[in-house]
Amino acid sequence: MAVPALMFIPEHFPNLEQQEARLERALVGFSATDQERIRNALAFARDAHEGQLRLGTTNIPYIIHPIRVACSLVDEFQLRDADACIAALLHDVVEDCTVSIDAIAERFGPKIRGYVATLTWEKGVDAKWRQAAVMLRAPQSVRYVKASDVIDNARANWQITDRPKLLRMLYGYAHWGRKIVRSIGAPATIFLDAALAKSSSIHFGEEPEPSLP
């Protein structure tokens, strides 16, 4: 199976202007109404994540991550699903911001509320394993969003010096994350394996380390 070259770009477009331009290109295949809905979700997410930075970084705006997740649905998975793209843009606003799930329902309707509620996870390692199992029963569109989220996180060049913490993150993506990714099949599993291998190489180089299953 041919793998899109996009996944091999080292920084994976860690630039907000590039990401927003990428999203605009992705919108070409959607109706005018859906384009407006997706842009509305982007504006909402941008406001919600204002001032937030990616974990372990000093200069990467957090909003880049949900934009990348939404773009991945279109660019890499060829998914023309406006509701999924909206959920991708909003997937962390309840979990990480001061936005209530009721605010999502009021602004975007009950379907998007349900998607975002499913994508809003409790904090903690144990919670992730439990919620990953529940996610396997979620609608396919939601699983696509979560799989894209997992893959994008695995691709991140984390600036984290705590080696055990970094290994736990990558190990989690290799296990509970893989369960979700496998549920939507190839090429998602190819993307995740490549991302984990690349992240391991970037962060650990030739140092000996526990292998990631």
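At 48% relative accessibility, K111 counts as partly exposed, whereas D83, at 14%, counts as buried; buried means under 20% relative accessible area, exposed over 50%, and partly exposed in between, with a 1.4 Å probe and protein chains only. This is a predicted model, in which local features need pLDDT of at least 70 and side-chain atom pairs count only at pLDDT 80 or more, while totals for chains, interfaces and linings use all residues. Residues are numbered from 1 along each chain as its sequence is written, and side-chain values use heavy atoms, with hydrogens and water left out.

K111 and D83 form a salt bridge, their closest N and O atoms being 3.0 Å apart; the term requires a side-chain nitrogen of Lys or Arg within 4 Å of a carboxyl oxygen of Asp or Glu. The pair links distant parts of the chain, with K111 in helix α7 (residues 110–119) and D83 in helix α4, 28 residues apart. Helices here are DSSP runs of H or I with at least four residues, numbered from the N terminus.

Let me turn to K123. This residue is exposed, with a relative accessible area of 58%. The side chain of K123 meets that of D96 in a salt bridge of 2.7 Å, N to O. K123 lies in the loop between α7 and α8 and D96 in helix α5, so the pair ties together parts 27 residues apart in sequence. D96 is partly exposed, at 26% relative accessibility. Salt bridges that share partners also join D34, R37, D83 and K111 into one network. K123 has a salt bridge with E95 too, at 3.6 Å, N to O. In total, the structure holds 13 salt bridges.

Technical notes. Helices (H or I, at least four residues) and strands (E, at least two) are DSSP runs, numbered from the N terminus.
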